[in-house]
Amino acid sequence: QVRLVESGGGSVQSGGSLRLSCTASGFRFREYDMSWYRQAPGKKRDLVASINSAGGNIQYEDSVKGRFSISRDNVENTLYLQMNSLKPEDTAVYYCKAVGTGSVTTWDFWGQGTQVTVFA
């Protein structure tokens with residue numbers, strides 16, 4: 001059974017830090033590109049950061065550059081998002097996503113999300 005389980009969310013004061021984890025099971029994690037998304041109340045789900053299967057080609061949404069860091073451990077089957085200098089506008093539910101690529105198709109899996117709340 002494919003599972004992605006996020007953890008590490010919580011409430012933190014502006015300027016603080018959190019480290020999110022996404023633990024994968026039921027599929028070959030090391031073969032999948034991974035990303036973090038977030039969705040604030042009343043808004044669409046947006047891409048925050050992405051990383052390819054080998055840990056390269058890292059990209060960030062502009063508002064988190066220099067503050068967030070995405071990484072992965074292909075032995076522990078875990079994706080991470082280190083979030084520093086948090087701002088109230090970072091408040092959202094954070095989701096991890098796995099993308100598999102075949103010769104002609106792609107498919108994806110999502111976690112259930114973890115709430116991050118940043119208060120001023």
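W107 is partly exposed, because its relative accessibility is 35%. For the cut-offs, buried is under 20% relative accessible area, exposed is over 50%, and partly exposed is in between, with a 1.4 Å probe and protein chains only. This is a predicted model, where local features need pLDDT of at least 70, side-chain atom pairs count only at pLDDT 80 or more, and totals for chains, interfaces and linings use all residues. Residues are numbered from 1 along each chain as its sequence is written, and side-chain values use heavy atoms, without hydrogens or water.

Now the rings. Rings of Phe, Tyr and Trp (its six-membered ring) pair if their centres lie within 6.5 Å; planes under 30 degrees apart are stacked, over 60 edge-to-face, the rest tilted. The count is 6 aromatic pairs. Take Y32 and W107. Their ring centres are 6.3 Å apart and their planes sit at 75 degrees, so this pair is edge-to-face. The two residues are 75 apart in the chain: Y32 is in the loop between β3 and β4, and W107 is in strand β10 (residues 106-110). Strands here are DSSP runs of E, at least two residues, numbered from the N terminus. Y32 counts as buried, because its relative accessibility is 9%.

Next pair: Y37 and W110. It is edge-to-face, 4.9 Å centre to centre, with 65 degrees between the planes. Y37 is in strand β4 and W110 in strand β10, 73 residues apart. Y37 is buried at 16% relative accessibility. W110 is partly exposed at 33%. Ring pairs also link F27, Y32, W107 and F109 into a cluster.

Charges over rings. The rule: NZ of Lys or CZ of Arg within 6 Å of the ring centre and within 35 degrees of the ring normal. R45 lies over the face of Y95, 3.6 Å from the ring centre. The charged end of R72 sits over the ring of F29, at 4.4 Å from its centre.

On to the core. A nonpolar core is a set of buried Ala, Val, Leu, Ile, Met, Phe, Trp, Tyr and Cys residues joined through side-chain atoms within 4.5 Å. The largest one has 27 residues, and M34, W36, L79, L81, M83 and Y94 touch the most other members. Leaving out residues up to four places away in sequence, L79 has contacts (heavy atoms within 4.5 Å) that include F29, M34, W36 and R72.

Last, which loop holds D90? The one between β8 (78-83) and β9 (92-101). D90 is buried, because its relative accessibility is 1%. Beyond four places in sequence, D90 touches R38, R67, F68, S85, V116 and V118.

Methods. Helices (H or I, at least four residues) and strands (E, at least two) are DSSP runs, numbered from the N terminus.
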